[in-house]
Amino acid sequence: MNTEKITARRLSMEEVTKLGVKDRLFVSADTAELKLPDCYVPAFLTKSGEDFEGGSITARTIFQEEVSCLPDDESDAGIYLADENGSATIEVLQSAGVVLDLALFVPGGDKGALTALYAAARQAFGADVVQIWRQGLKEVPDVKVDIFEEQIPRGRKASDSPKRDRRAIDTYPTRADFIEFSAGWKPVVEIHRPIVDDTPTI
């Protein structure tokens, strides 16, 4: 396990409420999935401390896990800030690397093209470094579509023509699987129809 000892100080609830979402913190690495007592990870508040309304503070770690903290509770791991003059020394878990979750479009998509893609990645990062843990291949139909997000109607007085926003133009329908749609909106995929300008020219 790769860790680094840093000098830090524990923050009180009052100090946390003065922090913003860009301030780098350290919170407990001990989660339900991974038990690491007495170890911390870098994190950021999910919302500004000044918006705190009571209860626990929520932070998102660099590993994309959300952790709830009670800074003033002595039995809780608490929130720390790096400080050379701090009275505490905490052990911080380091990142081993990054798992890429990509949607790559390979024209043709034959085995030779995929082999070349993996070979290029290994050449760039090292043969023993790039490890393919999960590979999901999906054929893409040769048709272009427009992707919209449409507001989900609510209540009896919902409009007959719901509000719609365009998210992607002239693209493959598979892309809809990778677009994050807004809460209260649903994806709508339609065949792409190019706009023809019939304006007469002189």
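Trainee: Let me pick a residue. Is Lys 138 buried or exposed?

Mentor: First the scale: buried means under 20% relative accessible area, exposed means over 50%, and partly exposed is in between (1.4 Å probe, protein chains only). Lys 138 has a relative accessible area of 57%, so it counts as exposed.
One caution. This is a predicted model: local features need pLDDT of at least 70, side-chain atom pairs count only at pLDDT 80 or more, and totals for chains, interfaces and linings use all residues. Residues are numbered from 1 along each chain as its sequence is written, and side-chain values use heavy atoms, with hydrogens and water left out.

Trainee: Which residue forms a salt bridge with Lys 138?

Mentor: The general idea comes first. A salt bridge is a side-chain nitrogen of Lys or Arg within 4 Å of a carboxyl oxygen of Asp or Glu. Here the partner of Lys 138 is Asp 177, with the closest N and O atoms 2.7 Å apart. Asp 177 sits in the loop between β9 and β10 (185-191), and Lys 138 in the loop between α2 and β8, so the pair ties together parts 39 residues apart in sequence.

Trainee: How many salt bridges does the structure hold?

Mentor: It holds 10. In one of them, the side chains of Arg 164 and Glu 150 meet at 3.0 Å, N to O. This pair links distant parts of the chain: Arg 164 is in strand β9 and Glu 150 in strand β8, 14 residues apart. Arg 164 is partly exposed, because its relative accessibility is 35%. Glu 150 is at 13%, so it counts as buried. Salt bridges can also form a network, as Arg 9, Glu 15 and Asp 83 do.

Trainee: Now strands. Which residues of β4 are on its covered face?

Mentor: In a regular strand the side chains alternate between the two faces of the sheet. Strand β4 covers residues 57-61. Its covered face has Ile 57, Ala 59 and Thr 61; its uncovered face has Thr 58 and Arg 60.

Trainee: How do I find the partners of β4?

Mentor: Count bridges. Two strands pair if DSSP finds at least two bridges between them. β4 pairs with strand β3 (residues 40-45) in the antiparallel sense, over 3 bridges. There, Ala 43 stands opposite Thr 61. β4 also pairs with strand β5 (residues 66-69), again antiparallel, over 4 bridges. Arg 60 stands opposite Glu 66 in β5. The side chains of Arg 60 and Glu 66 also meet in a salt bridge (2.5 Å, N to O). Glu 66 is exposed, because its relative accessible area is 51%. Arg 60 is partly exposed at 33%.

Trainee: How many residues lie between β4 and β5 in their hairpin?

Mentor: There are 4. Gln 64 is exposed, with a relative accessible area of 59%.

Trainee: What about the inside? Which residues touch the most other members of the largest nonpolar core?

Mentor: In soluble globular proteins, nonpolar side chains tend to be buried together. A nonpolar core is a set of buried Ala, Val, Leu, Ile, Met, Phe, Trp, Tyr and Cys residues joined through side-chain atoms within 4.5 Å. The largest one here has 19 residues, and Leu 11, Val 16, Leu 25, Val 27, Leu 45, Ile 57 and Ile 79 touch the most other members. α1 (13-16), β2 (25-28), β3, β4 and β5 each supply at least two residues of this core. β3 gives the most, with 3 residues. Another core, of 8 residues, lies apart from it, and includes Ile 6, Phe 26, Tyr 40 and Tyr 80.
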